[in-house]
Amino acid sequence: IILTIVLLCSLMFFFINQKHGFHEDEIFSYGSSNYKYDNVFRWFGYAEAGQDILYQQVLTGSVKDRIIKLKTFLLEPDKFTKDEVLAQEIPTWRTKDDALEYLAIQKEDIFNYFSVYYNQAKDVHPPLFYFLVHFISTLFYGSFSKYIIFFINLAFFIGTLIVIKKIMDKLNHKEITIPTMILYGASMAAISTVMFQRMYMMLTFFSILYLYYIIKYIKDDFTINDKIALILTIFMGFLTQYYFCIYVVLIFIVISIYLIFKKQYKKWFDFFKVHFIAAILGIVFYPFSIEDIFFSYRGLGSTDGHTKTFLENLQYYGNQIIKLFSLQNIILILLGALIVVLIYKIWKRKLHKINQTEKLNLVVIILPISLFIVIVSKIAPFLGENYTSRYIMLLFPVIAIAIFYCLTFIFTKKTVFIITLAISLLLSIHGLYNSTPVYLYKDYEQVMQLANDNSDKYFVYVFDNYFTHLSQMPEFATYKASLILNKNIHDFELLNNPELNEANEFILCIKNWLNEDEILNEVLEHSGYSDYEMLLRFDSDVESTYYLIKK
């Protein structure tokens with residue numbers, strides 16, 4: 001088992017070395033954890049005017065002065081002066097130091113958890129993951145590295161593998177521990193989860209840990225220490241990602257129906273108290289969760305980003321599971337045949353021969369998977385072909401457990417070990433040979449090479465929203481200075497400024513979904529430059545075109 005874990009971790013190191021770029025949400029993980037002025041890197045100065053005032057004018061001086069000014073700021077914010085550049089969102093040149101300050105911990109911000117909490121309060125996610133990113137970033141003081149969140153994800157990946165072992169022990173099927181670890185850990189599903197520098201690997205760990213304690217509860221192997229551990233698991237899972245709540249509620253409903261049907265009311269009330277205490281602790285620690293879950297633009301009633309129908313999303317999630325576990329083509333046919341055999345065998349055995357505990361384990365493991373996918377298909381926004389699978393990442397190890405646990409009902413322990421090991425190795429080898437995990441952004445290596453080769457030049461970046469520019473933060477931290485222009489609200493006369501007048505060349509980047517020819521002509525017209533050369537173009541991942549603009 002230790003050797004299996006070591007080999008699977010080595011696989012993760014192999015792929016992290018191939019990761020060269022970032023999704024904007026990944027960069028947001030760093031910035032909102034480490035930047036005290038805002039949770040987003042703005043193009044018009046330090047940050048939003050209000051938060052800039054908070055740090056520049058309010059939280060200064062003695063403790064007594066800070067308290068007095070903070071009270072005034074909360075009750076009468078207009079008494080403080082707003083910087084015109086910040087208030088009007090006028091684009092300004094952002095230096096490489098500005099960009100690095102967003103990405104990395106600075107000396108005065110070490111252990112500034114107030115800032116982390118405040119940044120998340122303005123967003124729609126709970127703060128626990130960001131607290132951890134802030135803490136680990138102190139070990140990389142003053143520098144930005146993809147290994148900060150990778151090490152966090154790797155730790156929770158190892159934890160997930162350990163919990164898989166503990167679950168198999170509780171199910172009395174140790175023989176399928178290693179095959180299940182391989183089926184999950186060597187899949188594109190697990191690798192993509194670890195590569196994605198967000199909270200979803202952490203979410204996966206707390207979800208499967210919750211399942212472990214539920215299985216212990218079903219077996220009546222539940223001590224007072226387990227009760228405390230379950231409360232802490234729910235509390236920390238809740239503070240990691242709100243989709244954890246959906247998974248917990250589904251399992252809670254299954255167990256509640258069972259206990260009430262058995263008229264075990266006292267036992268149900270104890271079970272309810274554990275969840276109620278955890279929920280109260282979570283809400284008290286982070287009261288913004290109520291707004292986030294029920295009323296935010298990503299809340300239960302929101303339609304923001306819902307560009308696909310329920311059935312389209314449902315089909316998408318099914319396809320993602322097939323793809324990420326390498327169940328395509330002939331392998332999917334073989335698996336289908338295996339399922340038919342499984343159903344036949346179970347029917348032949350008569351389901352009543354399976355004891356009550358095993359039946360409940362099956363229901364608790366399998367039913368929430370299906371219901372979770374249905375619910376998420378209804379409420380989750382569609383963020384693009386490569387990104388929506390994040391919302392079902394917490395299910396991936398449970399799916400691996402479910403597939404192999406079902407086989408234990410039709411084969412002997414020795415036979416099921418051979419069969420599951422063969423299946424896990426076949427699927428893993430097939431996936432590693434034919435597939436690539438998501439979130440590597442290999443093309444970005446060329447982008448950073450261009451930035452390093454032209455680090456003495458100015459960089460102009462053109463986009464059309466408030467957020468996607470975060471994926472370019474490593475470039476902003478490399479060029480001499482960057483001017484970030486939002487096409488929707490700014491014109492290109494801003495390019496006619498002293499910085500570009502003194503230069504003979506600068507690098508221009510335009511997002512591919514914009515009208516590149518129109519933007520290029522405007523840049524040349526208003527900048528005083530007359531010539532250009534296309535340097536790089538990417539139609540996938542990076543989705544940008546780079547030009548060298550010349551006088």
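## Notebook: sheet, aromatic pairs and cores

**Entry 1. T478.** I began with T478, which lies in the loop between helix 23 and strand 3. I take helices (H or I, at least four residues) and strands (E, at least two) as DSSP runs, numbered from the N terminus. The model is predicted, so I note its limits here: local features need pLDDT of at least 70, side-chain atom pairs count only at pLDDT 80 or more, and totals for chains, interfaces and linings use all residues. Residues are numbered from 1 along each chain as its sequence is written, and side-chain values use heavy atoms, with hydrogens and water left out.

Is T478 buried or exposed? I found a relative accessibility of 12%, so T478 counts as buried. The term buried means under 20% relative accessible area, exposed means over 50%, and partly exposed is in between (1.4 Å probe, protein chains only). I then listed the contacts of T478 (heavy atoms within 4.5 Å). Leaving aside neighbours within four places in sequence, T478 touches K96, M448, A451, N452 and S455.

Entry 2. I traced an open sheet of 6 strands in the order 1-3-2-4-6-5, with mixed pairing. Two strands pair if DSSP finds at least two bridges between them. Strands of a sheet pair through backbone hydrogen bonds, either parallel or antiparallel. The edges are strand 1 (94-95) and strand 5 (531-537), each of which pairs on one side only.

I went through the pairings in turn.

- Strand 2 and strand 3 (residues 481-486) run parallel and are joined by 6 bridges; the partner of Y458 in strand 3 is A481.
- Strand 2 and strand 4 also run parallel, joined by 5 bridges; Y461 stands opposite C509 in strand 4.
- Strand 4 and strand 6 run antiparallel over 7 bridges; I507 faces L548 in strand 6.
- Strand 5 and strand 6 are antiparallel, with 6 bridges; R537 is opposite T545 in strand 6.

I noted that strand 5 and strand 6 form a hairpin with 6 residues between them, and that D541 in the turn has a positive phi of about 60°.

**Entry 3. Cover on the sheet.** How many residues of strand 2 are buried? I counted 6 of its 6 residues as buried. In a regular strand the side chains alternate between the two faces of the sheet. Both faces of strand 2 are covered: Y458, V460 and V462 are buried on one side, and F459, Y461 and F463 on the other. Strand 4 is mostly covered as well, with 6 of its 7 residues buried.

I next looked up the helices on the sheet. Helix 22 (residues 444-453) lies across strand 5 and strand 6 (544-550) and runs at about 140° to strand 5. Helix 25 (residues 516-527) packs on the sheet and touches strand 2, strand 4 (505-511), strand 5 and strand 6; its direction makes about 150° with that of strand 4. For these angles, axes are lines fitted to C-alpha atoms, for helices over the stretch in contact, and angles run from 0 to 180 degrees between N-to-C directions.

**Entry 4. Aromatic rings.** Rings of Phe, Tyr and Trp (its six-membered ring) pair if their centres lie within 6.5 Å; planes under 30 degrees apart count as stacked, over 60 as edge-to-face and the rest as tilted. By this rule I recorded 55 aromatic pairs. Why is the pair of F235 and F285 edge-to-face? The ring centres are 6.1 Å apart and the planes stand at 80°, so F235 and F285 form an edge-to-face pair. F235 lies in helix 13 (residues 224-238) and F285 in helix 15 (residues 265-285), so the pair ties together parts that are 50 residues apart in sequence. F235 is buried at 18% relative accessibility, whereas F285 is partly exposed at 36%.

I took Y461 and F476 as a further case: their centres are 5.7 Å apart and their planes at 80°, so this pair is edge-to-face. Y461 belongs to strand 2 (residues 458-463) and F476 to helix 23 (residues 473-476), 15 residues apart. Both Y461 and F476 are buried. They belong to one aromatic cluster, which also holds Y35, Y37, F41, W43, Y102, F459, F463, Y479 and Y546.

**Entry 5. Nonpolar cores.** A nonpolar core is a set of buried Ala, Val, Leu, Ile, Met, Phe, Trp, Tyr and Cys residues joined through side-chain atoms within 4.5 Å. I found 154 residues in the largest core; F157, Y210, I255, F372, F396 and Y546 have the most contacts inside it. Helix 12 (residues 200-218) gives the most to this core, with 16 residues. A second, separate core has 20 residues, including V462, L483, L514 and V523.
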